[in-house]
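Keep the view open while you read, and take the points in order.

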Amino acid sequence: MKWNSLIALAATTMISGLALAGPDLGAAEQQATNWSAIIMFVIFVGATLFITKWAAKQTTNTQDFYTAGGGISGFQNGLAIAGDYMSAASFLGISAMVFLSGFDGLLYSLGFMVGWPIVLFLIAERLRNLGKYNLSDVVSFRLQEKPVRTLAAISSLVVVAFYLIAQMVGAGQLIKLLFGLNYNFAVVIVGLLMMAYVMFGGMLATTWVQIIKAVMLLSGATFMAFMVMKGVGFSFTNMFEQAIDVYAKVHDLSLTDATKIMGPGSLASNPIDAISLGLALMFGTAGLPHILMRFFTVKDAKEARKSVVVATGFIGYFYLLTFIIGFGAILYVSNNPQFLDVAKMAVTGKLELVGGNNMAAVHLSDAVGGDLFMGFISAVAFATILAVVAGLTLSGASAISHDLYANVLKKGQTTPQSELRMSKIATLGLAIFAMILGILFEKQNVAFMVGLAFSVAACANFPVLVLSMFWKGLTTRGAVIGGVAGLVTAVTLIVLSKAVWVDTLGISDTPVNPFNGPAIFAMPLSFFCCWLFSVTDNSAQAQAERKAFDAQFVRSQTGIGISGASDH
């Protein structure tokens, strides 16, 4: 009863505060209520809340809460990982980038995809053999717990924060578009639903919400791509030629100029940005706390490997579909007056969609499948956001309660009940924090914001994680200084970039940092600091940590020492 009261209090406070918070952002974009969408929403939310109620009865301890008791199969977990990964950034953001920039949007599709072989061959099996609940367990396996866990928890929370921004922005714009609600109010609704899933159902509820959502999203995206290809005679050549023609007319360009959408350049206008983005998307996947956490929901390393193979197949297929959906939006959305925000276009002089350009895929669903299919896709997009936000919140709550509270503050002297209670308090705090961030970053492209989360993961988490598992010489001093260097450099460069310094904070018209991505600078710096401060550390503690590597390596390869390991 206590938690119900707490949620109600938080909801009342946030809603009353936000209702008074300044003018309605983008009121002109609000739409007449879409009843088919509302029915789909109610069905989905009702079904997932029922799952949460069922999962709450199964969730009796911290292992259930964080890892669903290790009882998820490899195939189920692979589908859930795909559900976790196919976020609002993928579905709404990448298709919007292709819609606006053409071929360049493929940078994100391919980038999000190519990180998976690294996870499969370097990370998944060793992570499952070494860890218990999360990333910090692995990094601190032979290093000093307090400093290393603190670093891993803080960097995980920063990654979660950037990722949450993208999901909350996507959700807010989606609900504003369909329900005619104030954007701020829409963000609060998402935050409260997410809080309910995580707080009461834990990882079990989150996993099943992700599985259901993955199946729905793959089905809906397949139908949309099929309808687009059907309209162009199942010919990619026809699709591209028609898209160039439409793009030229809509943007008032010559055909020669319009062909630029079939080549790279507009998103990553210089080689440094392109390389930085590639590094972030490739190596960031292996440092995402909410993805790494999923490998502890299966019973052994064999199922962890199977999870990655299944996830890679579904994710690869999905990213091919987003490319078709983006070009389909150019064909069917950009030249259709019902989807264009004429008032906004008069002010900006650019192509602007009703509800914001992140809504290109949602409008395409209306164009190819009518009102009912748009309702289905909207419900799927909303489900996508809820599932990913729930997974992110769970990993953030794990960092706060399992790492900072149980292992750093209480030094392991805590009970499962008190750790679970702290997880729920952390969930409440993260939900409120996510709502505030979602409101602040309303105007940003959601795929771009997730790119920043990948950048931080690649610069702060990945170097420390991979060196702790593969390099005998890593010491606590090297890991902490390297991790802090990567984290601070990445976040500082992001804050000083155009996206935050100019577009979000509005401090000046020119950014201090001319580059959009920090990975090309911060990731090598992190690796270098890890190496330098480890090789120069000759303390007794460092010697002991090097000696402990052999035992860690044997366990990472074989799983010997895991209680209940069944595949060895």
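1. First, a word on angles: the axes are lines fitted to C-alpha atoms, for helices over the stretch in contact, and angles run from 0 to 180 degrees between N-to-C directions. Please also keep in mind that this is a predicted model.

2. Let's begin with helix α18 (residues 446-470) and helix α21 (residues 519-535), whose axes cross at roughly 35° and come within 9 Å. The crossing of α18 past α21 is right-handed. On the α18 side, the contact is made by A458, C459, F462, P463, V464, V466 and L467, and α21 brings A519, A522, M523, S526, F527 and C530. Sorted by class, this contact of α18 with α21 holds 12 nonpolar residues, one polar and no charged ones.

3. Stay with α18 and look at its meeting with helix α23 (residues 549-558): here the axes come within 8 Å and cross at roughly 100°. Angles of 65 to 115 degrees count as roughly perpendicular, and α18 and α23 are therefore roughly perpendicular to each other. The residues to look for are S468, M469 and F470 in α18, which meet F549, Q552 and F553 in α23. Four of the residues in this contact of α18 with α23 are nonpolar, two are polar and none is charged.

4. Now move to helix α6 (residues 106-130) and helix α12 (residues 271-284). Their axes cross at roughly 40° and come within 6 Å, so α6 and α12 are oblique to each other. The crossing of α6 past α12 is right-handed. From α6, the residues L107, Y108, G111, F112, V114, G115 and I118 meet L277, L281, M282 and F283 of α12. The contact of α6 with α12 divides into nine nonpolar residues, two polar and no charged.

5. Is T427 buried or exposed? Buried means under 20% relative accessible area; T427 has a relative accessible area of 0%, so T427 is buried.

6. What lies around T427? Leaving aside residues up to four places away in sequence, T427 touches M195, V198, M199, T393 and A397.

Methods:
Residues are numbered from 1 along each chain as its sequence is written. This is a predicted model: local features need pLDDT of at least 70, side-chain atom pairs count only at pLDDT 80 or more; totals for chains, interfaces and linings use all residues. Side-chain values use heavy atoms; hydrogens and water are left out. Helices (H or I, at least four residues) and strands (E, at least two) are DSSP runs, numbered from the N terminus. Angles under 35 degrees count as roughly parallel, over 145 as roughly antiparallel, 65 to 115 as roughly perpendicular and the rest as oblique. A crossing is left-handed if the near helix is turned anticlockwise from the far one by less than a right angle, and right-handed if clockwise. Contact means heavy atoms within 4.5 Å. Ala, Val, Leu, Ile, Met, Phe, Trp, Tyr, Cys and Pro count as nonpolar, Asp, Glu, Lys and Arg as charged, and the others, Gly among them, as polar. Buried means under 20% relative accessible area, exposed over 50%, partly exposed in between (1.4 Å probe, protein chains only).
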